[in-house]
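Please open the structure in a viewer and keep the sequence beside it.

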Amino acid sequence: MKRNRKRLWAWLLVMVMTLSAVGCSGSSGNSDTTTAAKDTTTAPAATEKTADKTADTADTDSDTIKIGVILSFTGSAAYESEMLRQGYDFAVKYWNDQGGIEALGGKKIELLYADHADDVETGVTELERLLDEGCVMISGDYSSGSVTLAMKPICERRKIPFVVSQQSALEVYAEGNEWVFNPTNDASTNAQGLVGVIQMIAEMYGDEVHGVGFIAENSEWGQSQMASFTKYFEEAGIQIAYQEFYELGTTDFTTQVTKMKAAGVNYLIPVVSGLEEGVSLYRTVKEYELEVGFFCCGGVIVTDEFKEAVGEDANGIFSTDTWNPGFLEKKGEKALAIHQLYVDEHGYNMNENAGCAWNSVAVMVAALEAAGSVEGTNLQTALTEMDLKPDSPYMIMTQFDGMKFGFPDNNGNYGHNIYGLSTVSQLIDGSWKMVWPNEMLVDNPIIWPVE
């Protein structure tokens, strides 16, 4: 009897242990799953090299190549972010339709979007999510610079290249930058673009432009633009008559406009991102009959909302552009045909946001083809060594003389395209027409003098 009891207890013990093991392994009861779960929980943190290799292996086995795009969909740049999304989607569809990435067996690109909402903490969290989901490169942004600066060290640590679409803050491209790449413009090129169009006007019409006034919002963007404008306008010998920052949210510019009039400002360069602020400044200038030409650096001034708010009075304004379809005619029929595909889909021209997104995608496609890999350091090497000529198929919709990232570039910035520049457009009959550089255009539609 005791022996039978012992056997019974032994049998019960075995059953309890068996049931416990099944319960710990999950509903499937698979022993491999149990081992994997245990390894994930107890293994020490992966080294950077191991983590990068693991991501590469996973994405090599994937059907698509994932690229993360992080923008400000619910922040201050919601409109611009949506235009950027249209450009990214259009460019990726185009390159996928061309056969995908040939060097990787024709794999197609898949975009994963995220919203940083102009918030640093949100941006960091969303970036980590995109990387954890297998993105091999990051693009996008469109913030004042603080979000990019917060995301930059994460890309460095995880060895993932960041190819921005639009980010002009020069702090991002300080010495030591190796993982952020800017194909287009920055605060330096915005200033050089406005100096360029002013010098072109002087040459074409004999009108020297002096008595320039700068008014900028007191933000990272405003401060970086003001510093660049001061430097490049002084170097060009253009007289600066007035400079002032205003606080974000200002809606009464009476004091500032009164000062401009007293200082003899003839040409005003506003750095404004808020619609209400931009409209208020413009209307105050008109109300006080300050006869000035407007030379802007993008921001709210180039949006349809601003144009609708101020009406026909906006005609004649100049602004830097990061992209404008005006150069496509000189590029040729293929470039015009690609742009027409976008027009057919959306009902309007690509704007500067969509064009910058195209540039970023083209650069990332070129890097993937050159690297023949999705491994971060290989992609970084491909970007660092990139030297695309104007006739490269990747430059078909790009206005620059080439694509080569300088370490440093001509202005001392690291990771910026040495050929990158800010073109300049003028609002003519309600449409933005590219007017500078003159050599990029078949016919220059510029109107001067501005009434």
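**First stop: Y242**

Select Y242 together with V212, G213, F214, I215, Q256, K259, M260, A263 and V265, which Y242 touches when residues up to four places away in sequence are not counted; contact means heavy atoms within 4.5 Å. The model is predicted, so local features need pLDDT of at least 70 and side-chain atom pairs count only at pLDDT 80 or more, while totals for chains, interfaces and linings use all residues. Residues are numbered from 1 along each chain as its sequence is written, and side-chain values use heavy atoms, with hydrogens and water left out.

Y242 belongs to strand 7, residues 240–246. Helices (H or I, at least four residues) and strands (E, at least two) are DSSP runs, numbered from the N terminus. Is Y242 buried or exposed? Y242 counts as buried because its relative accessibility is 7%; buried means under 20% relative accessible area, exposed over 50%, and partly exposed in between (1.4 Å probe, protein chains only).

Y242 and G211 are 31 residues apart in sequence, and their C-alpha atoms are 7.9 Å apart in space. Next, show the side chain of E244, with which the side chain of Y242 makes a polar contact at 2.5 Å. A polar contact is a pair of N or O atoms within 3.5 Å; within protein, one must be able to donate a hydrogen and the other to accept it, and residues adjacent in sequence count only if both atoms are side-chain atoms.

Two strands pair if DSSP finds at least two bridges between them.

Strand 1 and strand 3 (residues 137–141) are paired in the parallel sense over four bridges. To see one of these positions, select V69 and its bridge partner in strand 3, S139.

In soluble globular proteins, nonpolar side chains tend to be buried together. A nonpolar core is a set of buried Ala, Val, Leu, Ile, Met, Phe, Trp, Tyr and Cys residues joined through side-chain atoms within 4.5 Å. Which residues have the most contacts inside the largest core? Select W358, L368, L383, M386 and M397; this core has 55 residues. Among the elements that give two or more residues to this core are strand 1 (64–71), helix 4 (78–97) and helix 14 (352–371). Helix 14 gives the most, with 11 residues.

A second, separate core has 28 residues, including F229, F233, I238 and I446.

Select strand 13 (residues 423–428), where six of six residues are buried. T423, S425 and L427 point one way, and V424, Q426 and I428 point the other way.

Strands 13 and 14 form a hairpin with two residues between them. In the turn, D429 has a positive phi of about 50 degrees. D429 is exposed, with a relative accessible area of 71%.

**Last stop: backbone details**

Most residues other than glycine have a negative phi, and most peptide bonds are trans. Select K159, in the loop between helix 6 (146–158) and strand 4; K159 has a positive phi of about 55 degrees although it is not a glycine. Finally, select F407 and P408, joined by a cis peptide bond with omega of about 10 degrees, and then W436 and P437, joined by a cis peptide bond with omega of about 0 degrees.
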